[in-house]
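Me: I would like to learn how to read a protein model, step by step. Can we begin with the terms and then turn to the case at hand?

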2 protein chains.
Amino acid sequence: MGKNNISIGVDVGGTYTKIAILGKNQKILAKKQVPTQSSLGPRDFVSRISSAVIEMEKLLKAHADGFGLALAGAVDPASGKILFAPNLKGWPNFDFKKAFSKKMGARKFVVENDANAAVWGCYVLDFKKKGENFLGLTLGTGVGGGIVCYGKLYRGSAGSAGEIGHMRVAVGGELCHCGSRGCLEAYAGGYGIIKTARRMLSESPDKGRILSSLCADPNALEPRHLSEAAQMGDVLSQEVWAVTARYLAAGIASLVMIFNPDGISLLGGVSAAGRHLMDPLKKELSQEPFKLPFLRAKIRMTENSDFGCIGAALLALEG
Amino acid sequence: MGKNNISIGVDVGGTYTKIAILGKNQKILAKKQVPTQSSLGPRDFVSRISSAVIEMEKLLKAHADGFGLALAGAVDPASGKILFAPNLKGWPNFDFKKAFSKKMGARKFVVENDANAAVWGCYVLDFKKKGENFLGLTLGTGVGGGIVCYGKLYRGSAGSAGEIGHMRVAVGGELCHCGSRGCLEAYAGGYGIIKTARRMLSESPDKGRILSSLCADPNALEPRHLSEAAQMGDVLSQEVWAVTARYLAAGIASLVMIFNPDGISLLGGVSAAGRHLMDPLKKELSQEPFKLPFLRAKIRMTENSDFGCIGAALLALEG
């Protein structure tokens with residue numbers, strides 16, 4: 001742990017990057033959002049983030065010991081370099097540790113996959129470390145994940161562990177953005193859910209009248225429309241969430257059988273669906289023949305868009 | 001570790017129980033097989049195994065420090081009691097540690113799931129601990145599994161982790177012996193493979209002429225017939241292995257994406273299929289879009305029916 005337990009967490013999103021300074025008891029002391037502008041390259045990014053951090057520290061009259069950077073991609077835990085990041089062209093192999101050190105002085109430094117960071121944040125803040133083994137699924141456009149084993153973030157042998165969204169729930173099934181077929185993400189990721197909705201809408205448009213009144217163009221549909229319409233009693237939207245729950249239940253059942261965890265949390269925007277997703281999900285899981293591991297694994301939905309920053313900041317101090 | 005590094009491993013099978021005494025460098029010093037007769041109850045079993053062990057130790061003029069018992073079921077790592085064992089009626093909640101101690105004196109004692117024990121034996125002996133993260137699948141009538149994380153056997157929060165055979169590869173698919181649908185075991189377990197073979201035989205009996213000459217009655221088919229026939233050029237049998245490989249590849253792809261392990265071994269009788277299973281399996285996996293974790297995870301087939309005993313004996317010394 002750092003001398004003063006103050007740490008910076010930076011969560012790189014497609015459009016915006018969030019910066020948070022975390023103090024004692026995981027309290028956020030300051031928060032800022034800046035445009036990511038990844039196309040300007042990693043050197044420019046480091047420069048802008050460093051300036052923002054130094055300014056935030058000045059205002060707080062504090063100096064953070066840790067610095068955690070979270071982004072969408074595969075990271076090498078040993079070097080801290082990005083190995084693979086489809087949305088951050090030119091960023092892989094850049095030495096962030098060195099570049100940030102030059103701008104802000106040496107800190108405890110870590111680069112982490114953004115889903116891993118968010119799940120670690122959720123494990124510490126929301127689950128409060130009630131158990132050593134914990135899983136988190138980030139449900140957004142894609143489906144990400146993070147694994148905590150023996151109380152530690154599990155990164156795997158080359159730093160790419162936790163890609164729960166790419167577990168196969170349907171051999172030869174729907175095409176996933178990764179290029180493979182039948183991945184959980186192809187059904188429970190935002191684009192998979194919308195695909196299901198469009199198919200069901202074209203089959204029985206009458207059932208989705210409320211949905212169509214919220215969003216007339218099926219090509220403009222988003223998961224939030226389905227959450228809202230379900231809440232308003234739209235039968236089709238409720239059925240879309242039930243279908244989504246069926247695939248999600250298959251994925252979660254697999255994870256419970258494999259990991260026998262203490263808890264599983266669902267994070268991310270899809271949680272706006274609330275009980276329309278959770279009720280059918282819990283019903284599916286209650287029918288599992290092996291009772292023991294399912295009783296153990298508490299499944300909950302949670303939403304805190306700061307988990308990524310918080311987790312990155314905490315992981316930096318874990319060293 | 002034990003004072004003398006000598007340890008006993010007992011692997012309880014449906015019909016026979018294997019006993020092995022393991023010495024330095026994981027060398028088997030003595031081996032014995034006795035009928036399991038589980039219906040006589042755990043007390044009778046403990047009595048017979050203890051007598052056999054004491055006799056083996058006398059012949060060896062050695063005293064083992066460790067004693068590991070491996071069986072099919074869910075085990076509570078803390079108490080060493082069986083929680084759930086469908087094939088061992090009356091065995092759950094029996095205090096094996098106490099009963100064995102009474103008969104043979106106190107030893108470092110462990111009760112472990114048999115697939116976990118076999119995978120641990122394989123990790124130490126065959127994989128030679130080349131990496132911290134390792135998975136094993138036991139392919140028999142059912143499909144079991146074991147997980148090594150950070151160089152330790154991962155048991156989960158209630159001792160039931162590693163049930164890889166019950167991960168879902170096909171939502172709403174074939175009925176599994178567990179009562180659920182679409183589990184990997186329902187396709188890659190012995191009974192699942194036979195189901196595939198029977199269906200394909202009824203569809204195109206001509207393709208399976210060699211197979212039918214080896215086993216005329218489809219109800220008497222066993223995976224070994226399919227291995228032998230495939231070897232002899234039977235087209236249908238080769239196709240059955242290819243279909244099996246497709247489901248197995250989906251399960252393995254999920255595991256690689258989740259765990260990013262250093263290696264995955266396939267253990268058990270199905271390995272007799274050899275290249276007829278491995279070639280299509282490797283071909284499927286070579287098409288995975290994420291190259292990194294798949295390059296890392298060496299996938300191999302191995303067969304050593306003593307891995308269960310060896311793993312149990314080694315785990316006892318691990319304490």
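Reply: Start with burial. A residue is buried if 20 or more other C-beta atoms lie within 10 Å of its own, exposed if 12 or fewer, and partly exposed in between; C-beta atoms are placed from the backbone. Next, helices (H or I, at least four residues) and strands (E, at least two) are DSSP runs, numbered from the N terminus. Now the case: strand β2 (residues 16-22) of chain A is mostly covered, with five of its seven residues buried.

Me: What should I know about the model and its numbering?

Reply: This is a predicted model: local features need pLDDT of at least 70, side-chain atom pairs count only at pLDDT 80 or more, and totals for chains, interfaces and linings use all residues. Residues are numbered from 1 along each chain as its sequence is written, while chains are lettered from A and ligands numbered from 1 in the order in which they are written.

Me: How many helices and strands does chain A have?

Reply: Chain A has eleven helices and twelve strands. Of the 319 residues in chain A, 49% are buried.

Me: Which strands pair with β2(A)?

Reply: Two strands pair if DSSP finds at least two bridges between them. Strand β1 (residues 7-12) of chain A pairs with β2(A) in the antiparallel sense over six bridges. β2(A) also pairs with strand β3 (residues 28-35) of chain A, again antiparallel, over seven bridges. Take A:Ala20 in β2(A): its bridge partner is A:Gly9, and in β3(A) A:Lys31 stands opposite A:Ala20.

Me: How many residues lie between the strands of each hairpin?

Reply: Three residues lie between β1(A) and β2(A). Five lie between β2(A) and β3(A), and A:Asn25 in that turn has a positive phi of about 55°.

Me: Into which domains is chain A divided?

Reply: Domain bounds come from an automatic or database domain assignment. Here they give domain 1 (7-122 + 306-318) and domain 2 (128-301). Their C-alpha centres lie 28 Å apart. Two residues are in contact if their C-beta atoms, placed from the backbone, lie within 7 Å. The contact between the domains takes 14 residues from domain 1 and 13 residues from domain 2. On the domain 1 side, β5 (74-75), α3 (114-125) and α11 (307-318) of chain A each give two or more residues. The largest share, six residues, comes from α3(A).

Me: Is A:Val119 buried or exposed?

Reply: A:Val119 is in helix α3 of chain A. A:Val119 is buried, because 30 other C-beta atoms lie within 10 Å. Not counting residues up to four places away in sequence, A:Val119 touches A:Gly136, A:Gly145, A:Gly146 and A:Gly311.

Me: How many residues of chain B are in contact with chain A?

Reply: 43 residues of chain B are in contact with 43 residues of chain A. On the chain B side, β6 (82-84), α8 (235-259) and α10 (291-296) each give two or more residues. α8(B) gives the most, with eight residues.
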